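Thank you for making time this morning.

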Amino acid sequence: MSRTSKIVILFIVIIAAGWGIGKYAIPSASENNETAVVGGSGLQGQPAASSEPSPVPTVNPDSQGQAPGGNDTGTGAEASPPASAGPSDAGNGGDTGAEPSQTPQPASSGGPGNNGAVMTAAEPDSLTVMVNKQYKLPDNYKPSDLVYPDVRFIFSEKIEKRMMRRTAATALEEMFAGAEKDGIYLAGVSAYRSEKTQTVLFNNYVARDGEEKARTYSAVPGHSEHQTGLSIDISGSEGKCAAESCFGGTKEADWLAAHAAEYGFIIRYPEGKEAITGYMYEPWHVRYVGKEIAADIAARGITLEEYYDAVPVSQ
């Protein structure tokens, strides 16, 4: 083979080798490429930037439901005002719901001699303390000896309105036992109620019925007997007519009227005494005052205001 032929063959081999090396060294832009460009920006598969997560709403631990009731009552769901004119959880007391708004100022009741002044009870822990439209409890008062009486209630939860002061709770247990001996089965509806709870209830009733009407069956916060831990609303064991006007005339209401004083309780808001107590008739609302005072009040057919010769309360 001539020298020229050898040079030509070598040149062809070099060219062929160079072409092969180039082919396998430069990959295709689309082949096996997991980072292919989409729309000219970003990498395929890259998640879009997520928006800031929505804040988790906080729950107010104080906004619980509790059941409403009459002058001083409470049944059903909290902060839900009853439909009847004489709600349970209203009057002297009232039961719960949303965070309470500003406590309304009590009305000045124009009784002779006091110019409608509102006074704070000097001895709020007394078992015979007077609490009404003219006499209030100290701000945010709470008894220190609250217990759960061992009696039937129309609800099962161990919550605020199931509690009473120890002495009153013991008397309540004795009264329920005495009623059962007579074939009467009572149940608690609403007992202790804090000032905060009463504020919620009262404001709900004002929003529904107006302040003037609300004051005939619901106490201004700080003026509720339920806050003393000495009062309780009572119904029959089935809860029928609990803290409602239809409770009057039932066998349970008749038994309470006839026998409550034997255990130290009085019907706090008797029929026909509305101008004195300032509240509608509530046959379900009893108040512990001790056997001696209760017997005297029952025998004379008077109210606690009359017993203490206190100035009558206006509506």
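I will begin with the chain as a whole and then turn to a few places within it.

Please keep in mind that what you see is a predicted model. The mean pLDDT of the chain is 75, and 62% of its residues reach 70 or more.

As for the overall make-up, the chain has 315 residues, of which 45% count as buried, and its secondary structure comes to 8 helices and 8 strands.

Where does N132 sit? It is found in the loop between β1, residues 119–120, and β2, residues 135–136, and with a relative accessibility of 1% N132 counts as buried, because the cut-off for that word is under 20%. A polar atom of the N132 side chain lies 2.9 Å from the backbone nitrogen of Q134, and the side chain of N132 is also joined to that of E305 by a polar contact of 3.2 Å.

The other is Q198, which lies in helix α3, residues 195–209. Is Q198 buried or exposed? Its relative accessible area is 0%, so Q198 is buried, and its side chain reaches the backbone oxygen of A219 at 2.8 Å.

Next comes the disulfide, of which the structure holds 1. It is formed by C241 and C246, whose sulfur atoms are 2.0 Å apart. Why do we call this disulfide left-handed? We do so because the torsion about the S-S bond of C241 and C246 is about -120°. As to accessibility, C241 is buried, with a relative accessible area of 15%, whereas C246 is partly exposed, at 36%.

A243, however, has a phi near 55°, which is a positive value in a residue other than glycine. A243 has its place in the loop between β6, residues 231–236, and α5, and at 0% relative accessibility it counts as buried. D309 is not a glycine either, and it has a positive phi of about 55°. This residue is found in the segment after α8, residues 304–307, and D309 counts as exposed, its relative accessibility being 69%.

Finally, I would like to look at the largest pocket, which has a volume of about 270 Å³. Among the 18 residues that line it, those closest to its centre are A257, I266, I267, P270 and A298. Which elements give two or more residues to this lining? They are α5, residues 251–259, β7, residues 265–269, and α7, residues 291–300, and it is α5 that gives the most, with 4 residues.

Conventions:
Residues numbered from 1 in each chain as written. Predicted model: local features only at pLDDT ≥ 70, side-chain atom pairs only at ≥ 80, totals over all residues. Heavy atoms only, no water. pLDDT = per-residue confidence, 0-100. Buried < 20%, exposed > 50% of the residue type's maximum accessible area, 1.4 Å probe, protein only. Polar contact = N/O pair within 3.5 Å; in protein donor to acceptor, adjacent residues only side chain to side chain. Disulfide = S-S within 2.5 Å. 1 Å grid on protein atoms, 1.4 Å probe; cavity = no way out; pocket = protein on both sides within 12 Å on 5 of 7 lines; lining within 4 Å. Points joined across faces, edges and corners; volume = space filled by probe spheres on them.
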